[in-house]
Amino acid sequence: MTASHRHRVATVALVVALIAVPAASAAVAAQSSGDIDSCTTIDQSGTYTLTGDVGANASGQACLTIAASDVTLDGNGNAIENTGGEADTGVLVRGQNAVVRDVTVSGWVDGVRLVDAYAASVEGATLTGNQNGVSLDRTADATVTDTALTGNDVGLGASDSGVTLSNVDVTSNAVGVQALYANVGVERSTVSNNDGNGISVDSGTSVSVDRTAVENNGNHGVRVVSVDSATIRYSVFGGNGGDGVHAEGGQVDARENWWGAENGPSGNVEDPATGRLADGDGDSVSEGQTAGVSNVRFDPYYVTDPQTGDGTLVGEEPTETPTPEPTEEPTEEPTEEPTDQPTAEPTDTEDGAGDDGDAGTGDDDAGTGDDDAGTGDGDAGGSDTVTTTDDSDDATSDPTTTDSSATDGDDTTTSDTSATTDDSATTTSENGTDAAAGPAAPVNDTEATAGENGTLTSRVVGGETTTSSGSGPGFGVAAALVALGASALLARRY
């Protein structure tokens, strides 16, 4: 192949590529959005707009099927009407986050049916003359807003689903809203003039009705059976053929509503919490398992219609005194006051202080006396006295050691006292000494018995037995010898 031939081939390939790219883009765009003028299946995400009424001679399961997620079907004010054919559903939605809006759907078994269509919504639509205006199966977090459900056998039917109706007219159906194993919310809507129940929910998790008029339905305004949580607030009841609110298998919280009369609801039953009697002329509330007691909380209630302005409430909340939960108060740890450490006080003497007969003074806490514990000149030796004190808390003894030393000549004699004590409070024994007492020392359970040589044996219940001298801790024969030596020394000097 020559160079010129290769150049021509490359040029042709480039031109083909440039033509193919816009064509491919146009094909993708056609799949993601477009106009619809007949029954079809939408299997690509995007926005699709009806260009006219559709539904004639529809075949298959539905006239329009949304099989993809993130699809918006804009009816553009047109209708999906069953004028003959084998299909039984106007719009079948199987994709998530789908939106069906601004369309009239009529004449079908299911006007709009949502199946496994998480977070799908119906907006600004009119569903009339169907067996089910909107039907939900296994669909959570669905919404119906600014929509009219009128003239159907069931305005909205839900099973194993969760749906919220906001600003919806549910009127003139055989049954307004009928749900089984579903969570249903109705807010700022009108549920009226339905042949049977206005709203009926069986075996659901929650029911919420807020700022909604539930009036002139042939049977109960709101019927709730075996629902875990049911709350009705700021709504209007009146003219319903059965109870305004009827509960079975549980209790409904329907406080702060208008019951159609200034003197409140009827039924001649008491509020289960406050005991207020429902003896008014408004819609009735149901009776619970206890005769004369309602299973509907209705007190307080409005005595004027809140739709006409600021409503006025009558009744008061019961004064509920919550049962205090037991609290564990922290056990106060006993404050251990440190024992004052005994301080040896040196005797202030001048030269020749030994002539006074008092060679020195001691500290009673350290186990030494005054004159009797003094040491003199000469050969009188120091005495080591050990005093054992009992700690009644942990039954361990802390020894207190007194070291008394004597010097010759005219030197001043002092007591060098070292005391080891426990960081606990002390108590004074009969002989004036300090004995350690712990936080739980059973001081009153102390027994004392006399022993040999004038000693006292003290027994503290739960502690150890200690022995001390009757003349002070640590004094005995050794102290007597010291005193005798001191006397002999003094006698020799004089």
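Begin by selecting strand β10 (residues 110–115), which is mostly covered, with 5 of its 6 residues buried. Here buried means under 20% relative accessible area, exposed means over 50%, and partly exposed lies in between, for a 1.4 Å probe and protein chains only. Strands (E, at least two residues) are DSSP runs numbered from the N terminus. The model is predicted: local features need pLDDT of at least 70, side-chain atom pairs count only at pLDDT 80 or more, and totals for chains, interfaces and linings use all residues. Residues are numbered from 1 along each chain as its sequence is written, and side-chain values use heavy atoms, with hydrogens and water left out.

**Neighbours of β10**

Display Val93 to find its bridge partner in β10, Leu114. Val112 has Val134 of β13 as its bridge partner.

**The whole sheet**

Now extend the selection to the open sheet of 10 strands, in the order β2-β4-β7-β10-β13-β16-β19-β22-β25-β28, with parallel pairing. At the edges stand β2 (40–42) and β28 (245–248), each with a single partner strand, so one side of each is left without a neighbour in the sheet. Neighbouring strands of this sheet are turned by 10 degrees against each other on average, direction ignored; the axes behind this value are lines fitted to C-alpha atoms, and angles run from 0 to 180 degrees between N-to-C directions. Within the sheet, select strand β16 (residues 154–159) and strand β19 (residues 175–180), which run parallel and are joined by 5 bridges. Val154 stands opposite Val175 in β19.

Move to strand β14 (residues 142–145). Which residues form its covered face, and which its uncovered one? Ala142 and Val144 make up the covered face, Thr143 and Thr145 the uncovered one. In general, side chains in a regular strand alternate between the two faces of the sheet. Strand β11 (residues 121–123) runs parallel to β14, joined by 3 bridges, and Ser121 stands opposite Thr143. Strand β17 (residues 162–166) is also parallel to β14, with 4 bridges between them; there Ser166 is the bridge partner of Thr145.

**The disulfide**

Select Cys39 and Cys63, which form a disulfide with their sulfur atoms 2.1 Å apart. The count of disulfides, pairs of cysteine sulfur atoms within 2.5 Å, comes to 1. The link of Cys39 and Cys63 is left-handed, with -85 degrees about the S-S bond. The pair joins distant parts of the chain, 24 residues apart: Cys39 lies in the loop between β1 (33–36) and β2, and Cys63 in strand β4 (residues 62–66). Cys39 counts as partly exposed at 27% relative accessibility, whereas Cys63 is buried at 2%.

**A cavity to finish**

Finally, select Val224, Ser226, Val227, Ala230, Ala247, Glu248, Gly250, Gln251 and Val252, which line the second largest cavity. A cavity is a set of points on a 1 Å grid over the protein atoms alone where a 1.4 Å probe fits but cannot get out, and lining residues have an atom within 4 Å of a point. The volume of this second largest cavity is about 40 Å³.

How values were computed. 1 Å grid on protein atoms, 1.4 Å probe; cavity = no way out; pocket = protein on both sides within 12 Å on 5 of 7 lines; lining within 4 Å. Points joined across faces, edges and corners; volume = space filled by probe spheres on them. Pairing = 2+ DSSP bridges.
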